[in-house]
Amino acid sequence: GVWTALLLLPRARNKDNVEAARASAFDDASDPLIVIDRESRVLDYNTAAKKLVFDNVSKSGMLLKTACSKLDDIIQQRNHNREIRIHNQIFEVAEPAIRPSLIVGGQVITLRDVTKRIASENRMRNILEREAIIEREDGFALMAGGTAHEFNNALTGIIGYAEIIGGESGDKIINEGRRIS
């Protein structure tokens, strides 16, 4: 991977070996890496970026906005959302793992696949929302039960007094109270 190749850089005996190790580290990175110049022309990209953005496209000086306008908007800071959707995957424009100073006059764009993380966060948010709804419903049920209990207590007193009164009006009150409770 990238780190293995970067660890080999100091051991390289000559400039060709250093350049080969650097190229290998760049190309073998699992995250898509894109190198652009100050005018946002694509200078280079690794295998992961080729599969994602540049399939069947030449590397020679193409403007980034030609290949991926949404990514160009993020780089030019026209879009403050650092996430981009490409081919049903969500990528975050991350800080580059390779120092920009290694690329004279340019910038390395690193894309990190955050699709699974976003899906997991959405699932967790949905679970928490369902739990909140269940808690509210439990609260309403408890409140309704308490209200019914209090109402029934009042009816018991009314029915008791109606039995004491007796007669036709008392019987009506008793029958109506039992029907309600």
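How many salt bridges does a search of the whole structure find? The search finds six, a salt bridge being a side-chain nitrogen of Lys or Arg within 4 Å of a carboxyl oxygen of Asp or Glu. Before selecting them, note that this is a predicted model, in which local features need pLDDT of at least 70, side-chain atom pairs count only at pLDDT 80 or more, and totals for chains, interfaces and linings use all residues. Residues are numbered from 1 along each chain as its sequence is written, and side-chain values use heavy atoms, with hydrogens and water left out.

**Stop 1: Asp31 and Arg112**

Select Asp31 and Arg112. They form a salt bridge, with the closest N and O atoms 3.0 Å apart. Asp31 sits in the loop between helix 2 (15-28) and strand 1, while Arg112 belongs to strand 5 (residues 106-113), so this pair ties together parts that are 81 residues apart in sequence. Helices (H or I, at least four residues) and strands (E, at least two) are DSSP runs, numbered from the N terminus. Asp31 is partly exposed at 22% relative accessible area, and Arg112 is partly exposed at 31%. Here buried means under 20% relative accessible area, exposed over 50%, and partly exposed in between (1.4 Å probe, protein chains only).

**Stop 2: the hairpin**

Next, select residues 33-37 and 42-45. These are strand 1 and strand 2, which pair in the antiparallel sense over three bridges; two strands pair if DSSP finds at least two bridges between them. Ile34 stands opposite Tyr45 of strand 2. The two strands form a hairpin with four residues between them, and Ser40 in the turn has a positive phi of about 65°.

Arg41 forms a salt bridge with Glu39, the closest N and O atoms being 3.3 Å apart. Both are partly exposed: Arg41 has a relative accessible area of 33%, and Glu39 is at 49% relative accessibility.

**Stop 3: the nonpolar cores**

Now select Ile34, Phe54, Leu64, Leu71, Ile109 and Leu111. Of the 20 residues in the largest nonpolar core, these touch the most other members. A nonpolar core is a set of buried Ala, Val, Leu, Ile, Met, Phe, Trp, Tyr and Cys residues joined through side-chain atoms within 4.5 Å. Among the elements that each supply at least two residues of this core are helix 3 (47-52), strand 3 (83-86) and strand 4 (89-94). Helix 5 gives the most, with three residues.

Centre the view on Leu111. Not counting residues up to four places away in sequence, Leu111 touches Asp31, Pro32, Ile34, Leu52, Leu71, Phe91, Glu92 and Val93, where contact means heavy atoms within 4.5 Å. A second, separate core of five residues includes Phe26, Ala29, Leu33 and Val108.

**Stop 4: helix 6**

Finally, select Arg117 and Glu121. They form a salt bridge whose closest N and O atoms are 3.3 Å apart. The two residues are four residues apart in helix 6, so about one helical turn separates them. Salt bridges that share partners join Glu83, Glu92, Arg117 and Glu121 into one network.

Leu128 is also in helix 6 (residues 115-165) and is partly exposed, with a relative accessible area of 49%.
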